[in-house]
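Dear colleague,

Please read them with the structure open beside you.

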Amino acid sequence: MHKRMVLVMIRAGRRQGDMAVYEPIKRYDHDDEERGMTDPMMMKKNNISIDHDEDVEMAIHHISKSTSASSAAAASGGAAAYKNVSHEEAAAAPASLPSKLRQQQRLVSLDVFRGFTVAIMILVDDVGGILPAINHSPWNGLTLADLVMPFFLFMVGVSLSLTYKKMSCGTVATRKTVLRTLKLLALGLFLQGGYFHGIKDLTFGVDIEQMRWMGILQRIAIAYFVAALCEIWLKGDDNVNSGRSLLRKYRFQWSAALIITVLYLSLLYGLHVPDWEYQIPGDSSSAPKTFSVKCGVRGDTGPACNAVGMIDRKILGLRHLYRRPIYARTEQCSINSPDNGPLPADAPSWCQAPFDPEGLLSSMMAIVTCLVGLHYGHIIVHFKSHRDRILRWSISSSSLIILGLALDLLGMHINKPLYTFSYMCITAGSAGILFTAIYLMVDVCGYRRPTIVMEWMGMHALMIFVLVACNLLPVIIHGFYWGKPQNNILSLIGIGK
């Protein structure tokens, strides 16, 4: 039998003006899950074969009416060259196309969004000390730095929906999910558990009894694990042709998000927080100082007596928490607030107490952010029109932001250290709006060249995070000096002083 073969070559960066034209979207298989992690952050290039008619239709950007026209387009700037096919031939193509030819492009906007988030992360890490306004909020409130973590979690969810669009075996996918979660946890412990002592200290190593258990990568690993299991096991067999059918297909995932949210709110506002105490080490000639913190309250969301800190102290232990608490920059604890500074004369006793911004209870809402990202990815999977996608994303994002602002006005403050429900809504909605704008600019309108740097950063986000955000590169450079450790390149350019 004669096999029809369709070769579609699409020029990068060129898009049709009609919003209804289908754009090719790359789909990930199980072996590409690590890329979805960087969403957070693990990136691998993979091309996936097209299995269904609708995917072949997506891969056909334009049907030419003459071979000469397509050849001319290719000659004038590398535009697409392809055989003339009808829609009927395109529909028949899946059975005859070789797997190497049945390919789809990457979702470029996701790479650009990830790269943009990495750029924000680097900016706030390097400039946040100079411009406290963009640094993390000392407690309540929202700044540029407070958007980074939710943006990464949101992208994890989007990527997972593409990773598990077609799945052959749930057990195999679960096993790979567990392994990749363990890899992220191990990497997080190595980079943020205290093994490295900073760019001004060439020593390394950590006492296991004082290792920090939680961190950025650990939180991403937890959110990834739960969201991946939900995507593997908690979706129905319903056909999706409307917003209502989309909700029906993923109703169990939304139920999981609701259960997690209710459990978080119940613990945050329902647990009784008793009095507690902590110690800070003194110098070599003096004993550790002990501080007592008076609480005895329920539902408090201040720095000293919240349920998030209490759960971490009880389960993880004080010695395994982050030792530079974010609230040390509040007005009660710093005369230079919102920057770090000496303690005021009347500083409360809790100002120097360890507190982990990536704690256990607060990570529950991080999981919900990841599940929100799943919803945005499901819209990519089930709705092929740019109009439909942008409309549904815009409605979801606006609704989340309005809900978050309303909750803040009603007393549920926007707070990153506690990862409050209002904070989750506003940051997830902001991520949705930014993702929609980038999708419109890059994947619809074709303005890819101005974002090429961000795209590259997004494709190498884990490497950049490890080398730059975790100070591994400065530590390596600092290790090369002349005469004495103080004489190094970093000292010459003023870094690490």
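C445 is partly exposed, its relative accessible area being 41%, a value that falls between the 20% under which a residue counts as buried and the 50% over which it counts as exposed. Please keep in mind that this is a predicted model, and that everything said here is computed from it.

C230, by contrast, is buried, with a relative accessible area of 7%. The closest cysteine sulfur to that of C230 belongs to C370 and lies 9.2 Å away, which is too far for a bond.

Turning to the bonded cysteines, a search of the whole structure gives two disulfides. One of them joins C295 to C305, with an S to S distance of 2.1 Å. Because C295 sits in the loop between β3 (289–293) and β4 (297–298), while C305 sits in the loop between β4 and α11 (307–315), this pair ties together parts that are ten residues apart in sequence. The link of C295 and C305 is left-handed, with -85° about the S-S bond, and both C295 and C305 are buried.

The other disulfide is formed by C333 and C351, whose sulfur atoms are 1.9 Å apart. Both cysteines lie in the loop between α11 and α12 (362–382), so the pair of C333 and C351 ties together parts that are 18 residues apart in sequence. The torsion about their S-S bond is about -80°, and the disulfide of C333 and C351 is therefore left-handed; C333 and C351 are both buried.

When the bonded cysteines of the chain are numbered in sequence order, the pairing reads 1-2, 3-4.

Methods:
Residues numbered from 1 in each chain as written. Predicted model: local features only at pLDDT ≥ 70, side-chain atom pairs only at ≥ 80, totals over all residues. Heavy atoms only, no water. Disulfide = S-S within 2.5 Å. Helix = DSSP H or I, 4+ residues; strand = E, 2+ residues; numbered from the N terminus. Buried < 20%, exposed > 50% of the residue type's maximum accessible area, 1.4 Å probe, protein only.
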